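Thanks for coming. I will go through a few local features and then stop. Please have a look at the model first.

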Amino acid sequence: MSHSDRLATAIGSEALVLPADGPVVLLRSVPGPALDLIGRDRLICEQSFRPTHDALADAGFRTEVRASGPASAVIVLLTRARAENLGNIARGLDMLAPGGLLAVAGAKTEGVDSLVTQVGRALPLDGQISKAHGRVFWLRRPAALPEVAAAWAEGNRPRPNPAGFVTAPGMFSPDAVDPGSRRLAEALPAKLRGRVADFGAGWGWLAIEALARAPEIARIDLFEAESRALDAARLNLADPRAGFHWADVTRLARGTPPYDAILANPPFHHGRAADPTLGTDFIAAAGRVLKPSGTFLMVANRQLPYEAALDAHFRHWERLSEDRSYKVIAASRPRRDT
């Protein structure tokens with residue numbers, strides 16, 4: 001069951017009663033039945049992940065990368081990052097006047113049970129329901145917020161990680177460089193030159209390494225679907241050759257100016273479930289926007305079945321390296337008949 005389904009159950013059963021009027025802000029919003037129950041005329045969907053943002057906007061919902069309030073109610077949909085969840089709860093409280101409604105919806109796998117205990121110690125809860133391995137709970141904002149709310153907000157702010165790169169909770173591998181990205185960087189040829197793209201650039205480490213290892217790169221475009229990660233990449237990479245694009249690379253069309261090389265460490269999860277189609281979509285996009293003489297360089301978990309997609313979109317590909325965990329692949333001669 002999705003967050004929106006749980007939220008729709010809570011609203012539809014009238015266990016959770018929304019204020020009669022005023023804006024309702026939904027943080028980490030996703031499409032689903034709860035949205036129309038809230039009402040399009042008052043709902044503000046916040047979503048910084050481009051594919052979900054675009055799906056909401058295409059469905060006609062008012063969608064913002066970062067909502068600011070004020071609101072009569074704020075609803076927080078949980079992610080897998082606890083510090084991000086607590087930070088969003090703190091942000092929600094800041095958007096509300098005293099007496100405003102804050103609701104939280106999430107799954108057991110996202111720590112909703114321990115979260116309701118933690119929040120309940122700091123703020124009195126008004127109610128909760130459990131549904132399909134998840135929970136929705138809610139409370140009213142008090143006139144004075146507990147001191148711990150400021151700590152929740154601070155814990156979600158971007159800051160340098162142990163290696164000195166700016167990251168934040170909820171980003172991919174915020175505490176250290178991902179081993180797959182490191183494997184790909186080690187395989188990058190020094191002869192990379194011209195226009196390069198980094199698909200799924202995250203907070204920018206791979207692009208930084210590419211510029212350091214291949215000084216003849218004239219421009220590198222970082223494509224990243226998570227706006228917060230792209231903001232961090234801008235801070236981490238102060239180089240005039242770098243361009244930053246908040247984009248769903250799987251929607252890039254053939255009209256995109258072509259690249260001499262494309263780098264990618266594709267995501268392979270939707271939530272906690274492995275989804276290799278994300279990687280195959282990256283491969284297809286690379287085939288569309290790579291120059292006929294260009295090279296696509298990617299890293300992937302060794303067991304992920306990307307070979308058929310590589311065959312479908314490139315006339316030639318080879319493994320540059322492989323170990324028990326990762327494979328690094330170079331592909332060339334993109335097919336224009338797919």
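Is Asp231 buried, partly exposed or exposed? With a relative accessible area of 39%, Asp231 is partly exposed; buried means under 20%, exposed over 50%, and partly exposed in between, with a 1.4 Å probe and protein chains only.

Before going on, the conditions. This is a predicted model, where local features need pLDDT of at least 70, side-chain atom pairs count only at pLDDT 80 or more, and totals for chains, interfaces and linings use all residues. Residues are numbered from 1 along each chain as its sequence is written, and side-chain values use heavy atoms, leaving out hydrogens and water.

Back to Asp231, which is found in helix H9, residues 227–236. Helices (H or I, at least four residues) and strands (E, at least two) are DSSP runs, numbered from the N terminus. Asp231 lies 29 residues from Gly202 in sequence, and the two are 9.5 Å apart in space, C-alpha to C-alpha.

Next, Ser29. Ser29 sits in the loop between strand E1 (24–27) and helix H2 (33–38). Ser29 counts as buried because its relative accessibility is 0%. Leaving aside residues up to four places away in sequence, Ser29 touches Leu35, Cys45, Glu46, Gln47, Thr52, Leu56 and Leu77; contact means heavy atoms within 4.5 Å.

Last, a helix pair. In H7, Ser181, Arg182, Leu184, Ala185 and Glu186 meet Trp205, Leu206, Glu209 and Arg213 in H8. The residues of this contact divide into four nonpolar (Ala, Val, Leu, Ile, Met, Phe, Trp, Tyr, Cys and Pro), one polar (the others, Gly among them) and four charged (Asp, Glu, Lys and Arg).

That is everything from me.
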